[in-house]
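This report describes selected helix packing, domain and chain contacts of one model. The sequence and structure come first.

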Amino acid sequence: MAGLFGLVLGYAAIRFRVEGNPLVDQIDALLPQTQCGQCTYAGCRPYAEAIANGEAPINQCPPGGQATIVALADLLDTEVLELNAEHGEHNEIPLVAIIDEQTCIGCTLCIQACPVDAILGAAKHMHTVIADECTGCKLCLPPCPVDCIDMVPVEQTIDDWKWSPPQPLEPVAHA
Amino acid sequence: MPELHRFHGGLRLEGHKSESLRHGLQQASLPPRLYLPLRQHIGEQNNPLVEVGDRVLKGQMIAANSSLICASVHAPTSGRVESIGSYPVAHPSGQADTCIVIEVDGRDEAAETKLPDLEQLDADGMIELICRAGIVGLGGAVFPTSPKLSRGKAHGIDTLIINGVECEPYITCDDMLMRHDAAEVIRGTGYLQRILRPKKTLIGIEDNKPEAIAAMSAALAEADDIDAEIVSIPTIYPSGGEKQLIQILTGREVPHGQLAFDIGLYCQNVGTCVAITRALERGEPLISRIVTVSGDNIRSPGNWEVRLGTPISHLIGLAGGYVDDDNAHLIMGGPMMGFSLRGGEVPIVKASNCILAMREQTIPQAVGYHDECIRCGKCTEVCPANLLPQQLYWHTRAKAWERAQEFHLSDCIECGCCSSVCPSGIPLVQYYRAAKSEIRAAHSARLKSDRARIRFEFRERRLQLKKQQEEERRRQKREALQKKRASTGDAETTPAAPDPVQAALERVKARKQAAQEESP
């Protein structure tokens, strides 16, 4: 009997083998994919791997902010931590890079730095940011030799406007 | 007469309908300027087709886009495009949106239209004309009608339902429309039948509109070729909701996550039927609609046929102005599902069925005191979507979006029944709306981050590939060199080519030697 189950389990382990580490995928899915490296890892996936291996705490992702920490704590069944301020501050309104096209000299350094290929241009030609694809990681700022890239808050439109939740006031105490 | 069914919950509300029905339908005068938002439908924003300074004619298309779900915007009268820019629009956020401003010239000159041969037109041809006329569902959802028709036609429809219910208090624009343009509603129904080929057509009207039922019955009796049935249904709020009306008339429920046409049903509002008739018979795009102006702060409530883009303040002026100027709370829509407006300087759009001016704030506000839930369960009794509003309240208040979704938050139609019966005065719908928009935002953030992940991984792969290719090239070069050397090494029997450096050094040496020998 035991031998039979052993065989069944042994076969199942081979037949239904899970490729890769599913925990890394789950963690990676919760990270904001900014690829900014503020967590000191080379991108969101390396950070996810580090968390999965127990090498990094869950509070090193400023773009994700507290919401991501809560989600990670929920997934990993660990304690909710405060965001580690060493890694940066969380911005409630997402940022987007904008290139001052008058100043840009077309050096392509920012294109090489962009982790999501969101900058378009060629050598000695003006560059521009594809705003929809920009994750606001700021990695293009340091390499720019003429300082022509600015980070601006994403403009709120009617489309992404949110109803605000009711804010129940405290009842007025009767004297 | 089909057997009527009952949906769960609902409320019997005081109608307040007679106020705005004292006069017949009135034609609103043209204001000096019309403000036309580029988007008045659900879907992508339109692009302007005109430039500042252009003269436009009544019915001329002035904004459109090429996406599938689109409804173009037309000039409601003739005039000059004064500007294209951001102006306040009727939206709960109070934010501005891009509008085309037309300076009205008062001549009301129409653009030439080519009338189609209706007899020859097939279903797709009619859908095309409806699309070009910029028609959207005028019952409130403003979903573009042509893609809805295309999908309905593809699914196959067994029952066509025409919605003349108009269940919210104060609003009487559909009632007025059915009294005034019953023949056009019926002819529009006929066109929908030609497109969708349903087995059965039901026209649902609440029994508090006897005049509308009479007018519609008379119009239907005159139209010999249109086979439909007018069904008078009991007045219960919110019978006009699509899913509720379907349940009343057919006894069927639209399953969670599905649409009416998934179960072979198709609903369209009476106002949309009229717009379809005018588009097909006269080539007239959607440039006006009937709007109810009512409320306890309006001197002379009524219904007006208004050109789109007319500022609400102009309409309030036509209705005699406010009774109490200092306490004018404006609502776009009805008292149950409408939203507060911050001022009257916003235009009437395709979605505007009613403007209410109240003396007191009647819409539950986001900021304010409310008592705690006492778990009385009244909200559950009245919920027409058969949800558990109390559970939704706990979970949305705790920002537990996933739990809220497990309780089918997305099925909430925001009718406001639960809020209005809550003895603690909890603005329940506000909680649900906020939760829905958070969930929507999280969903779009998730989509964006998924895209970023794909782009990042693609870039990594590309860089790796480049590295590999470079290495491969270097390796090949090295190999070629080695091969060459090896092959020249094989031919080493003949004297090897002298090393150029060595040769040069020897030449220099020889020259120096020669110089030394020359010097005595």
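Helix axes are lines fitted to C-alpha atoms over the stretch in contact, and the angles between them run from 0 to 180 degrees between N-to-C directions. Helices (H or I, at least four residues) and strands (E, at least two) are DSSP runs, numbered from the N terminus. This is a predicted model, in which local features need pLDDT of at least 70 and side-chain atom pairs count only at pLDDT 80 or more, while totals for chains, interfaces and linings use all residues. Residues are numbered from 1 along each chain as its sequence is written, and chains are lettered from A and ligands numbered from 1 in the order in which they are written.

Two packed helices are described by the angle between their axes and the distance between the axes.

| Helix pair | Axis angle | Axis distance |
|---|---|---|
| α1(B) (residues 123–132) and α4(B) (residues 182–196) | roughly 130° | within 8 Å |
| α3(B) (residues 173–180) and α7(B) (residues 270–282) | about 45° | 9 Å |

With axes crossing at roughly 130°, α1(B) is therefore oblique to α4(B). Angles under 35 degrees count as roughly parallel, over 145 as roughly antiparallel, 65 to 115 as roughly perpendicular and the rest as oblique. The crossing of α1(B) over α4(B) is left-handed; a crossing is left-handed if the near helix is turned anticlockwise from the far one by less than a right angle, and right-handed if clockwise. Ala123(B), Met126(B) and Ile127(B) of α1(B) meet Tyr191(B), Arg194(B) and Ile195(B) of α4(B), contact being defined as C-beta atoms, placed from the backbone, within 7 Å. By class, this contact of α1(B) with α4(B) has five nonpolar residues, no polar residues and one charged residue. Ala, Val, Leu, Ile, Met, Phe, Trp, Tyr, Cys and Pro count as nonpolar, Asp, Glu, Lys and Arg as charged, and the others, Gly among them, as polar.

The helices α3(B) and α7(B) pack at about 45° and are therefore oblique to each other. Their crossing is left-handed. On α3(B) the contact is made by Asp174(B), Leu177(B) and Met178(B), and on α7(B) by Val270(B), Gly271(B) and Val274(B). These residues divide into four nonpolar, one polar and one charged.

**Buried positions**

Leu220(B) belongs to helix α5 (residues 210–222) of chain B. Because it has 20 C-beta neighbours inside 10 Å, Leu220(B) counts as buried; the term requires 20 or more other C-beta atoms within 10 Å of the residue's own, with 12 or fewer for exposed and partly exposed in between. Beyond four places in sequence, Leu220(B) touches Ile186(B), Ile226(B), Ala228(B) and Ile230(B). Its C-alpha atom is 9.3 Å from that of Val185(B), 35 residues apart along the chain.

In helix α10 (residues 389–397) of chain B, the buried residues include Pro389(B), Leu392(B), Tyr393(B) and His395(B). Just after α10(B), Lys399(B) has a positive phi of about 55°.

**Domains and chain contact**

The domain assignment divides chain B into domain 1 (18–106 + 119–307) and domain 2 (372–458), with bounds from an automatic or database assignment. The C-alpha centres of these domains of chain B lie 29 Å apart. Four residues of domain 1 are in contact with five residues of domain 2.

The contact between the chains takes 24 residues from chain B and 21 residues from chain A. On the chain B side, α13(B) (428–490) and β18(B) (367–368) each give two or more residues, and α13(B) gives the most, with 13 residues. The chain B side comprises 10 nonpolar, eight polar and six charged residues.

Terms used. Two residues are in contact if their C-beta atoms, placed from the backbone, lie within 7 Å.
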